[in-house]
Amino acid sequence: MSSSTQDLIPKLNIGKTFGALFIGVTVAAILFGVSSVQAFIYFQTHRGTGTTFYKLAVIWLWILDALHLTLIIHYVYYYLVLNYTNVGALTEIVWSFKLQIIAEVFIIYGVHLMYVYRIWIINKGRSRTLPITVGVIVILNSGIAIALIWALYQCHLFSDLTKIEWATFITLGTMTFTDIVIASSLCYLLATSRTGFSSTDSLITKLMVYIINTGCLTSVCSMTAAITCAVMPTNFIFLAIEFLLAKLYVNSFLALLNARHYTQDNIDTNNSYPFHNRHGVYRPKLHIRAPEDEELHVSRKDVFTHPSDEAVHPSRHIKPQQSFAVTTEMNSFSSV
């Protein structure tokens, strides 16, 4: 063993460098399993819809996510297995490290573009200023990510990463800013879509909670990576946290796509009684206070006094307009 290699041994903290990367890969593999389950749920709940844009997007994101996991596994395997006794090789940047950054950028900004498309759909019938503004922000931020990739490919040793910290901070900061803009835009559009129906408003509130939670999750991860990079630039803890970013973005987007499935049971439960509630509000002459059998079989002539109700019979199972309001709001949000 050469003297230069012996000098590197006491300076290299395996636990805070490649040990942290190993933990990051393990957690990333778990998150990939979660995203695979989410993708499976999405395809199971949309089996009869044929080939749609969102199905292709889910397949594309899952492939990129699997590629990203493969690259970071090779990255850690190269250092901890293939070069276990070669301390000198631990200071060099392997090709899979640079390529996984590209895959991560494609995943993150691909998810951002999907959110922009969703904002465009929900904003249908309104001014297009908001979705266009958010789209411009995402496109400009992707330019910053390209600058990061270019700067990264100028580095050959891990010590060179300290020279491009500015690119790391700017990229993570713009990701956080974009997450906040997208979450705020979606919440604003949903909040202004309230109809006054309790079921619809409750559903909108749940969707807003989903959006805020997923947006906060990815933003906190980005800020944590930036803070650890600034505080501990000589170890790889911030790189291990960055491994999780792509997985969190994919999981957050799939969770939002499956939000309709998660809340479907509540919608079906609410649809079982609103017939009486609606007529109790809008038709004060209709004296139906409970679903008793004898009241449901009262003749139309004695109960319904409005001429437009002649074709309606209370004994039939009719879905009320409140149910339609909930379904319409969900369809406009899911767009699948």
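The model is predicted, so local features need pLDDT of at least 70 and side-chain atom pairs count only at pLDDT 80 or more, while totals for chains, interfaces and linings use all residues. Residues are numbered from 1 along each chain as its sequence is written, and side-chain values use heavy atoms, with hydrogens and water left out.

Helix H2 covers residues 18-45; helices here are DSSP runs of H or I with at least four residues, numbered from the N terminus.

Aromatic pairs number 16; rings of Phe, Tyr and Trp (its six-membered ring) pair if their centres lie within 6.5 Å, with planes under 30 degrees apart stacked, over 60 edge-to-face and the rest tilted. Phe18 and Phe236 make an edge-to-face pair, 5.4 Å centre to centre with 85° between the planes. This pair joins helix H2 to the loop between helices H7 and H8, 218 residues apart. Phe18 is buried at 2% relative accessibility, and Phe236 is buried at 9%.

The count of disulfides (cysteine sulfur atoms within 2.5 Å) is zero. The sulfur of Cys216 lies 9.1 Å from the closest cysteine sulfur, that of Cys187, which is too far for a bond.

Technical notes: Helices (H or I, at least four residues) and strands (E, at least two) are DSSP runs, numbered from the N terminus. The expected span of a helix is 1.5 Å times one less than its number of residues. Buried means under 20% relative accessible area, exposed over 50%, partly exposed in between (1.4 Å probe, protein chains only).
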